[in-house]
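Please look over the sequence and the structure shown below before reading on. The report then takes up a few local features in turn.

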Amino acid sequence: MTNVSPELLQRFDVPGPRYTSYPTADRFVEAFTETDYGQALAQRRAGPTGLTMPLSLYVHIPFCESLCYYCACNKIITKHHSRAVSYLRYLSREIDLHTAQLGQGQTVTQLHLGGGSPTFLSDDELRELMAMLRRSFTMAPGGEYSIEIDPRTVDGSRLRALADMGFNRLSFGVQDFDPDVQKAVHRIQPFEQVSELMVQAREVGFDSINVDLIYGLPRQTPESFARTLAQVAQLKPDRIALYAYAHLPERFKPQRRIVSADLPGAAAKLAMLSQSLAAFMASGYVYIGMDHFALPNDALAVAKRQGRLHRNFQGYSTQPDCDLIGLGVSAIGRIGATYSQNAKTMEEYCDHLDQGRLPVVRGLALSRDDLARRAVIMALMCQGQVIFESIELAWLLDFRSYFAAELEQLRSLADAGLVLLDESGIQVTAQGWFFVRAVAMVFDRYLQADRNRARFSRII
């Protein structure tokens, strides 16, 4: 077990992006339109790997029945489930526009339903969605097919139904089990309810079960969060995602309902983070990197040991680097050397589709510099090392010359014991894995040129 000192946590707990992409989504521009996206799809279809390179799919379901005050996701709060019927019709149109460009039957190895709350949809509506996807795409055997679960919206029979639909991975939104914290963020879900669902999910036989936690929420204390950590240890999920709460009420209206005086101070947050790392390690979890932990036999931990980790807009993945199609309101995709994002409002999303247009409203065509830096950042985030020669051969550059300023900046991280530098490359140390985002930030040209980082969450 690698001990992380409070001093290091305090020193390197600075704002920064999570690097589910590079460049990050805040760099997307409206000059990139659905026409550019359509060209990227056409190039994929015409290219030599168009039929052999697998796809990843993300479907955004924006609806929630009730508002969680901490939430920064794109969501629509409604109790009118009839809205899902209309939304499915528009998703069907969007899928059809994609198959018109790509052709039928492209192989999909990874599917993720996120939100919002995907389980806002009824079982029949989820079956309809899966049938729509299967009509247009080929779901590969052994792929990763996951769905985010609001524990308040499912029971054992729904879990069995999800498995019958083809989902083999679940992610439970827990955040915290303390009743006072749950009341403060307007999300009441007792430990006993989640515990029963976990037992039922294991009986059904899902390949992997994830639990999301957040520290830094109102009314949290190191003592209360220690109780939540002990309860999570009882549940023993296959994966844990631990996020720091970023209080940005000026950007996210729901957070204005949180009483600022109830938020834990910096010292308390640091204590919660430190005790979380210790608790997860003591429970046998492997630190994957960037907020994520997994049991040693989980596919994510195995991929890390074998150097097969990848990273996309859903976070760490065992699936090979591949194109991603984002479907639904605000969904983000990646095709070739482009990123794209759909309209963020339902009105604009539907308006595009009513006109027979793909609902892409912003994105980015990556430059050669973007691609080279993405390769470096993803190598750091996923493999924990960069071999200079591999980047030089792939991008026809001299690493030491091209990244001279970045290598100079890395020396302070090397002095702190986070990385090792030699003539052949960069190696993230065992301790450095806990701060790998800080290492990656050194190579972010946009971030280095723009020091206004207040819009980002903290590193860990």
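How many bridges join strand 9 to strand 10, and do these strands run parallel or antiparallel?

## A pair of strands

Strand 9 (residues 286-289) and strand 10 (residues 292-294) run antiparallel and are joined by three bridges, where pairing requires that DSSP finds at least two bridges between two strands. Strands are DSSP runs (E, at least two residues) and helices are DSSP runs (H or I, at least four), numbered from the N terminus. Tyr287 stands opposite Phe293 in strand 10, and in the hairpin, which has two residues between the strands, Met290 takes a positive phi near 50°.

## Basis of the model

This is a predicted model, in which local features need pLDDT of at least 70 and side-chain atom pairs count only at pLDDT 80 or more, while totals for chains, interfaces and linings use all residues. Residues are numbered from 1 along each chain as its sequence is written, and side-chain values use heavy atoms, with hydrogens and water left out.

## Two packed helices

Helix 3 (residues 82-102) packs with helix 4 (residues 123-136) at an angle of about 10°, and their axes lie 10 Å apart; axes are lines fitted to C-alpha atoms over the stretch in contact, and angles run from 0 to 180 degrees between N-to-C directions. Helix 3 is therefore roughly parallel to helix 4, a term for angles under 35 degrees.

The contact (heavy atoms within 4.5 Å) includes Leu88 and Ile95 of helix 3 and Leu129 and Met132 of helix 4.

How values were computed
Parallel < 35°, antiparallel > 145°, perpendicular 65-115°, else oblique.
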